[in-house]
Amino acid sequence: MFLRQIYNYANLRASFHALQRAASSTGNTGTASATLLYNRDPQPRFTDPETQKLLQSMTQLQLEKIFQKTTVPDNSVDYKLMTMDMLEDEFRKSIERAKNRLQMPPVVQMKKDERRIISNDSALSGFSDTKYVITDITYGLRQTERKVVVRQTDGTLEHAPMEITKRMHQLYFPLTGRSIRTPRMFADEHLQRCLDEQKYLFILNRMVVQFDPFEPEFHTISSRVYQHINETKQFDILRSTRHFGPMTFFFAWHRCIDDLLYDMVRRDYLQNAAELIALLYKLHDMEPNYKNILKQIDEIKPKEDLALKELEKALKRASSDVKEDIQSAIGKTQVDFELDDLCLPFIEDYISKHALKKVQLELATQTIKEINAEKRQLFEGISKAHGVA
Amino acid sequence: MVGVFGKSVTIMYNHVLRNILAPSKEVATNTFRYTSFYNKLSAEDIWRGVTSVSNAGKKRGRGKGSGKRVAKDLNRGQTIGVGSRNFVWPGLNAPIVRGKTLIQQERLSEVNNMDRNINKIRDLMGTYRIAKVNSIDRGWSGAKMPGRSIGPPDAINEEMFENFDTRVLENKIVFIMKGNMGRKRRYSVLSITGNKKGLAGFAVAKAPEVRTALRKSKNRAAQKVIKIELCDNHTVFHDFSCAFGKTRIFVQRKPEGYGLICHRAIETICKVIGIRNLHAKIEGSTNLQHIVKALFLGLLQQKTHEEISRKTNLHVIEFRNETGLHPHIISKPESCKASKDPLSKEVSDYTQYVLDDQISLKKRKFAPFYIDSKGYNLFLKRKEQVRNQQKVRVNMNAFDNDLQSV
Amino acid sequence: MSLSPSSGIGRYYKHSAKIIRFVRLGCTNRPFYHVVVMERRKNQHQPVIEQVGTYDPMPNQKNERLVSFNFERIRYWLGRGAHLSTPTAELLGIAGFLPIHPRTYMTAWRNRQKVAEDGTIEAKDPVEA
């Protein structure tokens with residue numbers, strides 16, 4: 001039924017407008033009662049390099065999560081003998097692959113379906129009892145260049161609506177994983193079941209394959225998933241996947257970052273929390289001083305080689321370096337403590353000025369402050385005891 | 001002229017034909033033989049001749065199958081004078097005179113259980129059955145011992161063999177010549193015992209009784225348990241080939257879920273040891289004792305990852321498809337070469353290194369003989385037209401219970 | 001694959017007459033057509049020079065007839081002087097690639113006449129999404 005509605009051209013436009021109305025009415029509140037949609041074109045803000053950098057940093061690159069065990073047709077194992085340099089190269093390649101996997105699906109505006117008539121021949125009316133859909137199957141064309149036209153029974157020749165165009169493209173040039181008909185799981189009742197079982201990654205991954213980013217379904221489904229996550233507070237499921245960036249962007253755009261911020265503070269991702277607030281300020285042109293703090297973070301953060309860091313982590317089991325032992329015991333370095341000092345005032349400033357869930361957030365910041373102070377004391381004590389500067 | 005000649009030939013032909021069809025009476029002699037084994041032999045002898053094998057035949061190995069099926073004696077339960085019709089025959093199944101009355105031939109009531117009773121007796125006969133083994137406990141073949149489990153070994157000095165299981169690999173009769181007894185028969189049993197976690201041992205034992213031999217071999221195997229390293233708790237460390245005598249086994253390491261694709265003896269051994277995935281091919285003799293010995297040699301001579309990295313001074317890195325080919329460090333050496341140069345030839349390839357520079361022969365696969373035949377081409381042509389039918393049907397039915405194009 | 005591929009293995013003479021035409025595939029009661037280029041004199045089930053399109057004459061669930069053309073190759077073969085069969089020319093006219101074929105106009109006119117005679121105008125409108 002859901003599909004039929006979408007297929008219908010007139011209905012499509014009507015529902016589109018209804019959704020837009022819904023979005024504009026509830027756009028500024030943090031409630032998730034209606035489906036939140038982008039009321040302006042989000043693409044320029046999303047593709048902005050600074051935003052991208054913030055989103056990537058918040059996504060985090062956890063190799064264990066990115067390369068977690070999955071079901072594959074061929075689960076064979078390969079062994080290789082390597083020197084240290086070869087191993088380093090291999091790690092570099094692996095990091096590149098991981099970054100590739102984290103590439104975010106774009107956030108763009110919904111495309112409107114317009115009727116574009118090519119010609120009108122009334123002498124042809126009644127030439128057939130059905131319409132004809134004609135597809136150009138010339139080799140080597142891009143999907144966007146490929147024309148699909150419809151000859152209506154009244155003799156009108158027009159460009160096919162989006163739904164038919166997509167169906168014809170999939171029919172003559174199928175994409176792997178995408179099916180001609182929308183899978184049943186995207187129907188309302190099944191989607192709700194998936195959401196209740198918290199299969200967010202499954203839904204989002206399948207959605208990215210099945211729909212193009214400019215399709216209305218892409219927007220409604222992703223919005224539903226993000227809002228559900230915001231309710232259940234299971235942000236960690238999406239962390240270190242390609243969907244974390246768009247989700248964060250969505251929350252920042254619709255000014256409902258408080259739950260995510262609380263989660264970040266609680267997990268001691270203070271830098272990410274600061275970045276999230278900066279993103280909010282940036283999207284809504286609120287406080288221009290956020291640029292300073294981003295700059296300071298950049299300065300403090302050492303330009304370390306990610307591959308080498310991961311390699312060291314992997315090799316650490318056998319290593320007997322005292323300094324690393326301290327780090328692994330506490331989980332923090334000197335730089336991390338400095339970053340915390342930088343970020344905490346910024347976060348507290350946001351909480352006092354703009355936050356909706358003030359009490360909760362203040363409590364969380366207070367707790368993390370105390371924990372970090374203890375950790376710092378421990379860190380310094382151990383460092384002194386070992387005679388490490 | 002022609003007419004005359006034709007006439008004489010016809011006459012001659014008719015004459016011959018008459019002679020053939022109705023030969024003169026003097027030529028025909030009928031011989032009759034009045035004796036046959038039916039009237040020469042007793043019923044018992046004839047019956048035995050049908051249902052059993054002669055001594056001479058037995059020696060030649062005849063009638064091995066028929067011995068198990070006991071022939072039915074159709075005479076049992078039958079008495080003269082009693083049949084399916086309930087009749088009184090004076091002098092046969094009744095006295096002729098009872099008291100003073102002369103008994104007449106008489107038909108009694110129609111109801112008679114004679115047929116049913118006889119069939120019941122016959123059904124009871126010849127119900128010889130082989131003792132049934134539960135399908136779970138069954139070995140490689142039927143009720144034979146090889147492949148069957150005979151439980152954990154007996155405890156030694158209160159040392160229990162917990163989680164151990166013993167499987168019979170070979171159970172055969174062997175003879176030796178004795179000075180006073182001649183050919184002396186004994187049973188030889190080869191069995192393997194293990195705990196499915198890398199501990200296993202095998203032994204051969206002989207005894208005059210099967211049961212004793214099984215017990216002896218099981219307990220002897222328990223005393224020879226050795227530790228075999230398992231890779232990831234499910235397979236071998238690497239491909240290897242091993243040999244004993246004329247038996248050579250080529251073993252391949254396989255990923256989880258592959259199963260044991262090998263000789264049934266190797267499969268049983270692997271199960272007992274705890275190996276769940278492996279491919280093995282035996283070349284040469286398939287003597288069971290040799291297979292066991294060769295496989296144990298091969299398993300013991302495996303190079304573990306730690307050994308390899310210690311010997312080569314290189315890291316052993318694992319790449320799994322299921323984790324996106326992310327390098328996983330399995331073992332690292334004490335000190336590692338830090339060169340970017342290509343490695344020396346002997347360690348450049350892991351497989352080549354673990355196989356000690358041997359290369360396994362990959363035999364070429366030949367196309368089946370019918371590939372160019374007319375019939376096969378026709379078959380392909382017909383198949384091609386319906387190549388997607390099933391998939392489309394399923395898809396259509398799944399979406400709208402209807403067969404129509406999208 | 002033992003059927004001749006539609007990408008074309010048909011042998012042809014350089015100067016022989018070519019034609020863009022239908023080849024009936026599918027099965028009994030379920031026609032499906034390939035639009036192909038082949039030598040004019042040949043039987044439709046011979047190997048073709050090239051396939052340039054498809055046509056499914058049976059309307060699908062959404063009441064559409066699906067046509068596809070490789071317009072680039074059709075242009076090439078027409079430029080080489082290939083002939084067109086009438087059904088193909090009609091389809092190309094409907095697609096807006098060629099002027100509408102007169103026979104399409106004739107069909108349309110006859111259909112309209114028939115509808116007018118029957119007096120059932122509404123019932124004939126099959127367009128629904």
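Trainee: How far apart do the C-alpha centres of domain 2 and domain 3 of chain B lie?
Mentor: The centres of domain 2 and domain 3 of chain B are 68 Å apart. The model is predicted, so local features need pLDDT of at least 70 and side-chain atom pairs count only at pLDDT 80 or more, while totals for chains, interfaces and linings use all residues. Residues are numbered from 1 along each chain as its sequence is written, with chains lettered from A and ligands numbered from 1 in the order in which they are written.

Trainee: Into which domains is chain B divided?
Mentor: Chain B has domain 1 (37-67), domain 2 (72-129) and domain 3 (370-400); the bounds come from an automatic or database domain assignment.

Trainee: Turning to the contact of chains A and B, how many residues does each chain give?
Mentor: Chain A gives 28 residues and chain B gives 30, where a contact requires C-beta atoms, placed from the backbone, to lie within 7 Å. On the side of chain A that touches chain B, the elements giving two or more residues are strand E1 (77-82), helix H6 (84-101) and helix H15 (306-315). Helices (H or I, at least four residues) and strands (E, at least two) are DSSP runs, numbered from the N terminus.

Trainee: Which element gives the most to that side of chain A?
Mentor: H6(A) does, with seven residues. By class, that side of chain A has 14 nonpolar, six polar and eight charged residues. Ala, Val, Leu, Ile, Met, Phe, Trp, Tyr, Cys and Pro count as nonpolar, Asp, Glu, Lys and Arg as charged, and the others, Gly among them, as polar.

Trainee: In which sense do E1(A) and E13(B) pair, parallel or antiparallel?
Mentor: E1(A) and strand E13 (residues 315-320) of chain B are antiparallel, with six bridges; pairing requires that DSSP finds at least two bridges between the strands. Lys80(A) has Ile317(B) as its bridge partner in E13(B).

Trainee: What is the strand order of the four-strand sheet in chain B?
Mentor: The open sheet runs E5-E6-E7-E8, with antiparallel pairing. Strand E5 (165-178) and strand E8 (226-227) of chain B each have a single partner strand, so one side of each is left without a neighbour in the sheet. E8(B) is joined to strand E7 (residues 199-207) of chain B by two bridges, and Lys227(B) is the partner of Leu199(B).

Trainee: Now the helices: at what angle do H10 and H11 of chain A pack?
Mentor: Helix H10 (residues 216-232) and helix H11 (residues 244-253) of chain A pack at about 80°, with axes 10 Å apart. H10(A) is therefore roughly perpendicular to H11(A). Axes are lines fitted to C-alpha atoms, for helices over the stretch in contact, and angles run from 0 to 180 degrees between N-to-C directions. Angles under 35 degrees count as roughly parallel, over 145 as roughly antiparallel, 65 to 115 as roughly perpendicular and the rest as oblique.

Trainee: And how do the axes of H13(A) and H17(A) cross?
Mentor: The axes of helix H13 (residues 270-284) and helix H17 (residues 334-353) of chain A come within 9 Å and cross at roughly 40°, which means that H13(A) is oblique to H17(A). Their crossing is left-handed, that is, the near helix is turned anticlockwise from the far one by less than a right angle, with clockwise being right-handed. The contact of H13(A) with H17(A) has 10 nonpolar residues, one polar and one charged.

Definitions and conventions. Contact = placed C-beta atoms within 7 Å.
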